[in-house]
Amino acid sequence: MITLYRSPNSDRADAIQDTLDEIVIAYETVEISSSGALPPDVPSLPALRDDEEVVAGSDALADHLDSLRELMNEWNRFQSDACYIEDDGSIC
C-alpha cells in the first residue's frame, strides 16, 4: 500500500495527491501538522511510502510517480472486457 505523508497546506503535496488520483492507484494519506512528529524513516514532507521504500525530495518523488504511472499503464493494458478467439476457434 502506498502512503502519502503530507502537511495540511502544501501545494507540492496537493500536486502529488492529484497525480496519484489521476493514475488511479490506491493510497492512503497521513496529514502531519507542523507540531506532529514524522515517522522515524520519513526525512521530510511530502513523502511517499511504497511498501518498505520511503521516497522524499522533488526529483525522487517525480521519478517514483513516473514509475507508478508506468506500472498502472502496464496493469491497465491487461484489464479489459475483451474476449479473444484462439487459433483453434475456442474463445475466452
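Student: What covers the buried residues of helix 1?
Tutor: In this predicted model, the cover includes strand 1 (2-6), strand 2 (27-31), strand 3 (47-50) and helix 2 (58-77).

Student: Which residues of helix 1 are called buried, and what makes them so?
Tutor: Ala13, Ile16, Thr19 and Leu20 are buried. The word is used because the relative accessible area is under 20%.

Student: What span is expected of helix 1, and what does the helix reach?
Tutor: Helix 1, residues 11-22, has 12 residues. At 1.5 Å a residue, 16 Å is expected, and the helix reaches 16 Å from its first C-alpha to its last, which is close to that value. Just after helix 1, valine 24 takes a positive phi of about 55°.

Student: Why is a set of residues called a nonpolar core?
Tutor: The name applies because its members are buried nonpolar residues joined through side-chain atoms within 4.5 Å. The largest such core here has 13 residues, and Ile2, Ile16, Leu20, Ile25, Leu48, Leu65 and Leu68 have the most contacts inside it.

Student: Which elements each supply at least two residues of this core?
Tutor: Strand 1, helix 1 and helix 2 do. Helix 2 gives the largest share, four residues. Apart from this core lies another, of five residues, among them Tyr5, Val42, Ala47 and Ala56.

Student: What is isoleucine 2 in contact with, leaving aside its neighbours within four places in sequence?
Tutor: Its contacts are Ile25, Ala26, Tyr27, Glu28, Leu48, Arg49, Asp50 and Leu68.

Student: In what order do the strands stand in the sheet, and which are at the edges?
Tutor: Four strands form an open sheet in the order 2-1-3-4, with mixed pairing. Strand 2 and strand 4 (53-56) each have a single partner strand, so one side of each lacks a neighbour in the sheet, and these two stand at the edges. From one strand to the next, the twist averages 20°.

Student: How do you know that strand 3 and strand 4 pair?
Tutor: At least two bridges are needed. Four bridges join strand 3 to strand 4, and the two run antiparallel. Leucine 48 stands opposite valine 55 in strand 4.

Student: Which strands does helix 1 touch where it packs on the sheet?
Tutor: Helix 1 touches strand 1, strand 2 and strand 3, and its direction makes about 160° with that of strand 1.

Terms used
Residues are numbered from 1 along each chain as its sequence is written. This is a predicted model: local features need pLDDT of at least 70, side-chain atom pairs count only at pLDDT 80 or more; totals for chains, interfaces and linings use all residues. Side-chain values use heavy atoms; hydrogens and water are left out. The expected span of a helix is 1.5 Å times one less than its number of residues. Buried means under 20% relative accessible area, exposed over 50%, partly exposed in between (1.4 Å probe, protein chains only). Contact means heavy atoms within 4.5 Å. Axes are lines fitted to C-alpha atoms, for helices over the stretch in contact, and angles run from 0 to 180 degrees between N-to-C directions.
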